[in-house]
Amino acid sequence: MKNIVILISGRGSNMQAIVNARIPNVRIAAVLSNSETAAGLTWAAERGIDTDSLNHKAFESRLAFDQAMMEKIDAYQPDLVVLAGFMRILTPEFCAHYEGRLMNIHPSILPSFTGLHTHERALEAGCRVAGCTIHFVTAELDCGPIIAQGVVPVLDGDTADDIAARVLKVEHQLFPKAVADFAAGRLKIKGNRVLNTDTQVQPSSLLA
């Protein structure tokens with residue numbers, strides 16, 4: 001059984017998708033947040049999952065917060081830490097501590113549009129497709145070996161909200177699958193590439 005700790009900052013819709021997937025050999029040990037008012041904490045607690053929070057504003061530095069969060073995470077002895085809408089830039093020390101077992105989802109087709117406001121920027125750039133990327137986390141923002149990517153069309157007349165809603169549906173499909181693949185030992189990092197030993201995975205399955 002693999003222990004998973006999920007970090008959120010808000011409603012945690014991807015956290016909910018992972019929990020609802022009931023992934024074999026996975027125990028959601030805890031859901032933690034940098035906001036005590038994060039709606040996802042209530043949702044998780046109602047389902048019997050341990051929850052806790054730390055207000056990052058109470059710490060004198062980013063590193064001090066990360067160290068305190070690491071203590072809370074490590075109490076659950078996680079095999080994998082999942083960033084499901086955790087809106088914090090992580091320190092190199094945090095990333096190094098969980099190297100190879102820290103997974104993030106980003107709402108763009110990386111390496112394009114790192115950072116915030118991804119869908120607005122895709123529209124401004126005239127992109128005909130948008131999407132999301134699941135990747136292992138490194139100290140460089142929104143980088144690291146890519147596990148899976150999903151693609152959706154950008155339609156004439158779309159707003160950023162239209163794209164976000166379309167991409168979110170794909171996120172909810174890909175993220176539980178990525179966690180399941182990790183738990184089953186199917187993901188192998190080779191350089192900056194992640195190899196998936198699941199013979200059922202086809203390139204077309206990553207598109208929507």
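**View 1. Buried residues in the predicted protein chain.** Of the 208 residues of the protein chain, 45% count as buried, and the model in which they are seen is a predicted one. When contacts between residues at least 6 apart in sequence are considered, 61% of them join residues that are at least 24 apart.

**View 2. Overall fold and dimensions.** The secondary structure of the protein chain consists of six helices and nine strands. Because its radius of gyration, 17 Å, is close to the 17 Å that the globule rule gives for 208 residues, the protein chain is as compact as a globular protein of that length. Taken along the principal axes, the box filled by the C-alpha atoms of the protein chain is roughly 45 × 40 × 35 Å.

**View 3. The largest nonpolar core.** This core has 40 residues, and those with the most contacts inside it are Ile 6, Met 103 and Val 179. Helix H6, which covers residues 160-183, supplies the largest share of this core, namely 10 residues.

**View 4. The surroundings of Ile 6.** If neighbours within four places in sequence are left aside, Ile 6 is in contact with Met 15, Ile 18, Ile 28, Ala 30, Val 31, Leu 32, Val 82 and Ala 84.

**View 5. Surface and charges.** The accessible surface of the protein chain comes to about 10500 Å², and 51% of this area belongs to carbon and sulfur atoms. The protein chain carries 19 positive and 22 negative side chains, with the centres of the two sets lying 7 Å apart.

How values were computed
Residues are numbered from 1 along each chain as its sequence is written. This is a predicted model: local features need pLDDT of at least 70, side-chain atom pairs count only at pLDDT 80 or more; totals for chains, interfaces and linings use all residues. Side-chain values use heavy atoms; hydrogens and water are left out. Helices (H or I, at least four residues) and strands (E, at least two) are DSSP runs, numbered from the N terminus. The radius of gyration is taken over C-alpha atoms; the globule rule is 2.2 Å times the number of residues to the power 0.38. Buried means under 20% relative accessible area, exposed over 50%, partly exposed in between (1.4 Å probe, protein chains only). Contact means heavy atoms within 4.5 Å. Accessible areas come from the Shrake-Rupley method with a 1.4 Å probe; for residues, only the protein chains shown count as cover. Lys and Arg count as positive and Asp and Glu as negative; His and the chain ends are not counted. The place of a charge is taken as NZ of Lys, CZ of Arg, CG of Asp or CD of Glu. A nonpolar core is a set of buried Ala, Val, Leu, Ile, Met, Phe, Trp, Tyr and Cys residues joined through side-chain atoms within 4.5 Å.
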